[in-house]
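Let's take a friendly walk through a protein model, one piece at a time. Have a look at the picture first, and then we will visit a few places together.

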Amino acid sequence: MASVPSLAASVHQRVADALSAALPEAGSADPLLRRSDRADFQANGVLGLAKKLKGNPRELATKVVEALPADDLVSSIEVSGPGFLNITITDEAIVRTLAARAEDDRLGVPRAENPGTTVIDYAQPNVAKEMHVGHLRSAVIGDSVVRILEFAGEKVVRRHHIGDWGTQFGMLIQYLIEHPHELDHKDQSSGEEAMSNLNRLYKAARALFDADAEFKDRARRRVVDLQAGDEQTLALWQRFVDESKIYFYSVFDKLDMEIRDPDVVGESGYNDMLVETCRLLEESGVAVRSEGALCVFFDDVKGPDGKPVPLIVQKSDGGFGYAATDLSAIRDRVRNLGADTLLYVVDARQSLHFKMVFETARRIGWLNERTHAVQLAFGTVLGKDGKPFKTREGETVRLVDLLDEAIERASAVVREKAQDLTDEEIAERGAQVGIGAVKYADLSTSASRDYKFDLDQMVSLNGDTSVYLQYAYARIQSILRKAGEVRPAAHPKLPLAPAERALGLHLDQFGETLTEVAAAYEPHKLAAYLYQLASHYTTFYDQCPVLKAETPEQVENRLFLCDVTARTLHQGMALLGIRTPERL
């Protein structure tokens with residue numbers, strides 16, 4: 001089905017036509033339409049036109065009103081103040097538009113007219129290291145942006161740039177050679193056991209590396225073997241990667257996120273490109289040798305001493321820095337994956353690095369007018385005290401512990417409210433509510449801002465939380481079940497109560513909201529829209545009896561509003577990666 005034009009789009013077109021008819025000398029002028037608390041919409045475009053045409057704005061506005069008679073869309077239009085147009089639309093138009101949306105699986109939301117290919121780099125844990133709270137935001141924000149872009153019609157290629165290369169692997173591999181059973185599993189492979197083995201091995205290897213000079217030498221020689229592609233060394237390195245993936249996938253599974261193995265392309269995936277990347281940069285003159293290192297300099301990047309701080313692509317000892325890997329990844333993503341947009345969901349503290357990497361890629365032509373790169377920078381997760389989130393001992397908080405506690409708290413809330421749920425259902429709902437609460441707290445904050453991790457607030461039934469939205473959805477499902485044989489049906493000729501109008505007008509904004517959210521990579525605006533939707537629904541529920549409405553037609557029409565609200569909540573929450581249980 002074709003997308004359904006929003007009421008705002010229909011009114012905008014109607015007013016634009018009236019402007020052209022009443023003031024032909026103005027050409028095709030923008031009515032500057034916006035939502036208003038004085039009417040449904042306000043058009044402010046006449047003020048600018050009056051200045052341009054050197055006319056009286058109120059008189060010009062009156063001419064526009066005369067050219068825009070009331071019809072099945074506009075019920076009234078009046079001139080206000082210096083020349084604003086206050087426009088009220090008909091109840092019938094609201095219900096007809098929602099009925100058209102309800103006919104469509106996508107609720108009338110348009111697909112992008114000219115979709116491109118976006119490669120999104122997100123959820124990038126490190127091999128042989130535990131995931132902590134700092135890994136939460138890239139995963140949650142990235143997953144939501146993937147869902148939103150795919151829903152909009154964009155071709156999305158996911159990339160998880162895991163940290164799977166570096167000198168620490170010499171130490172780990174050498175230790176495993178000397179202690180060959182350290183990664184053996186007692187039971188079937190579980191994420192917890194995999195991480196426990198890796199943690200134990202890492203600590204033991206580090207202790208030996210720091211205490212034993214001979215082991216340190218053997219470990220450093222092992223790094224050389226790894227970089228040279230020695231078969232035995234690479235096989236053991238692969239064991240660390242595989243063991244870490246068992247753990248990663250268990251955490252992402254708990255987060256209710258799909259991570260596909262072909263999308264995991266770590267730092268090592270670009271090793272074969274590094275030499276050529278450096279050669280191309282040096283031959284083009286974009287990078288130059290400085291004290292033996294291959295560097296790119298920038299006029300606007302200087303250190304505290306006022307001297308330029310370069311991007312080091314290759315170190316003076318011949319080793320490659322992160323920049324070489326990141327620039328090789330750009331080459332691969334543009335040339336082999338056909339990217340129009342490269343999107344990096346990365347901590348704001350890496351902004352300078354990515355600014356320099358992107359500028360380097362632009363200078364050599366890997367990024368250009370057709371292909372651009374964007375860092376979706378995110379802020380820090382803070383504790384209740386407003387400082388970076390740590391345990392009481394000052395350690396970084398394990399991500400798994402955080403998620404388990406959220407599920408535990410949410411399960412307690414569900415158990416308290418549950419009337420007819422089994423223990424198994426309470427556990428399932430507890431996971432959906434707990435993980436939803438963590439994701440929503442993150443996604444309802446603008447990505448660039450820091451936010452406080454406060455589980456008490458996150459699992460609250462009141463305020464701007466996912467639990468409030470989930471309960472609104474479950475409440476609607478309960479009403480629809482109680483309606484029995486009576487089905488939702490739109491009745492456009494029925495007059496609407498103020499709460500019904502407000503709910504209907506907000507429902508109609510879903511498509512425009514999603515278009516804006518996808519264009520700017522801003523899931524927090526979708527979260528805000530859904531919270532407002534649940535709030536409008538709560539007011540409607542309080543003021544407009546549904547099953548006890550005055551006439552059978554009104555019962556059906558209110559059930560229809562309930563149904564479209566539930567579908568919009570369900571679709572919107574799914575795009576945030578949050579489940580909407582039918583019963584709570």
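**A helix and its neighbours**

In helix α12, the buried residues are F354, M356, V357, F358, T360 and A361. Keep in mind as you explore that this model is predicted. What do those buried residues of α12 pack against? Their partners are the helices α10 and α11, together with the strands β8 (293-296), β9 (311-314), β10 (341-347) and β11 (372-378).

The helix α12 itself runs over residues 351-364, which is 14 residues. From its first C-alpha to its last it reaches 20 Å, close to the 20 Å expected at 1.5 Å a residue. Just after α12 comes G365, with a positive phi of about 95 degrees.

Now turn to two of those partners. Two packed helices are described by the angle between their axes and the distance between the axes. For α10 (residues 274-284) and α11 (residues 322-335), the axes come within 9 Å and cross at roughly 90 degrees. Where they meet, α10 brings L274, E276, T277, L280 and L281, while α11 brings A324, T325, L327, S328 and R331. Sorted by class, this contact has 5 nonpolar, 3 polar and 2 charged residues.

How many disulfides does the structure hold? The count is 0.

Methods:
Residues are numbered from 1 along each chain as its sequence is written. This is a predicted model: local features need pLDDT of at least 70, side-chain atom pairs count only at pLDDT 80 or more; totals for chains, interfaces and linings use all residues. Side-chain values use heavy atoms; hydrogens and water are left out. Axes are lines fitted to C-alpha atoms, for helices over the stretch in contact, and angles run from 0 to 180 degrees between N-to-C directions. Helices (H or I, at least four residues) and strands (E, at least two) are DSSP runs, numbered from the N terminus. Contact means heavy atoms within 4.5 Å. Ala, Val, Leu, Ile, Met, Phe, Trp, Tyr, Cys and Pro count as nonpolar, Asp, Glu, Lys and Arg as charged, and the others, Gly among them, as polar. A disulfide is a pair of cysteine sulfur atoms within 2.5 Å. The expected span of a helix is 1.5 Å times one less than its number of residues. Buried means under 20% relative accessible area, exposed over 50%, partly exposed in between (1.4 Å probe, protein chains only).
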